[in-house]
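Hi,

Here is the structure I promised to pass on.

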Amino acid sequence: MTIPLPVFRLLLVLAALLLAGTPLRAQNIVVMVNGDPITDFDIEQRSKLDQLTTQKTPSRQEVINELIDDRVKMKEGKKYGVDPGVSDINQSYDGMAQRMRISSDQLTKTLEVKGVRPETLKSRMKAEMVWTSLVRGRFKEKLLVGEKDVAQAVQAQTGDKLQIEGTEYKMQPIVLIVPRGSSQAFLETRHKEAEQYRSRVGSCEEANSLFRSTPNATIRDTVTKTTAELPEALRKVLDDTPIGHLTAPEMTKAGIEMVVLCSRKPTMIDTPKKREVREKMYQEKYEKTQKAYLEDLRKAAMIEYRNR
């Protein structure tokens, strides 16, 4: 029996859908967003993903709104050339698995057990990546948080008046190795050597050249500290030390230690409390900005409901 060509084509489509494991009923288009369809299957998948990640069951309309937002964000991203590639998405997916202390394959299996396709999560991740890039890129100046505003906010919360400006010190620790159990005479000899080195060094470059080639001595990588991170006694020593010179030798468990001061310059003081307040203020600005941005995009979008 000869099968008419249109029927044959339909059978091929049906077979492809069945092989893909996609229920035919799930292909019903529910919403068109700027010409991009949202189907029953999309809604079902996002609903399962939301349940898995939030441990709550969202309403159907909440899920539809999420998907509409994603479509709107993706279109805006393409308008500005923000379109993460497959490798970027996979890297983000792998990063999520690492934070969960599992492999990417284990994350995929976890999703599949719950009936969620990995592509569903990757699609949501892509929309989030696009949106974050758009908001931070387009509203960079608007999202800036001033240091004075941060200091005032901290003072309002704690009652403490914070110093806004401080000093940033860049330095390299130096150790003249003294073996455990060394005699007092040996210690005194090493101490004299340290004083001789102090008279010879006039810059960090000279210190590196000297101590990287000196036996039983080591110079460590550059360390950067601010006023808020150093005890007052050490701050005074560094303030009294000329740039490029060594601090007075001090006996420690490691040996005779000194510090070569590479630079000393004014900076904005940072503290854990200030960082916490700054991040909170930035997040508040970000949320307010992205919400207004998304509302404007949704108003301008062509959203057509077809079948609820």
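Let's start with two helices: α6 and α11 are roughly perpendicular to each other (65 to 115 degrees counts as that). Their axes come within 10 Å and cross at roughly 105°, with axes being lines fitted to C-alpha atoms over the stretch in contact and angles running from 0 to 180 degrees between N-to-C directions. Helices here are DSSP runs (H or I, at least four residues), numbered from the N terminus.

Before I go on, this is a predicted model: local features need pLDDT of at least 70, side-chain atom pairs count only at 80 or more, and totals for chains, interfaces and linings use all residues. Residues are numbered from 1 along each chain as its sequence is written, and side-chain values use heavy atoms, leaving out hydrogens and water.

Now the rings. Pairs need centres within 6.5 Å, using the six-membered ring for Trp; planes under 30 degrees apart are stacked, over 60 edge-to-face, the rest tilted. That gives four aromatic pairs. One of them is Trp131 with Tyr293, stacked because the centres are 4.8 Å apart and the planes at 20°. Trp131 sits in α6 (residues 118–138) and Tyr293 in α11 (residues 272–300), 162 residues apart. Both are buried, meaning under 20% relative accessible area with a 1.4 Å probe, protein chains only; Tyr293 comes out at 6%.

Phe139 also pairs with Tyr293, edge-to-face, at 5.1 Å centre to centre and 70° between the planes. Phe139 lies in the loop between α6 and α7 (147–158), so this pair ties together parts 154 residues apart in sequence. Trp131, Phe139 and Tyr293 form one aromatic cluster.

Cheers

Note on methods: Buried means under 20% relative accessible area, exposed over 50%, partly exposed in between (1.4 Å probe, protein chains only). Angles under 35 degrees count as roughly parallel, over 145 as roughly antiparallel, 65 to 115 as roughly perpendicular and the rest as oblique.
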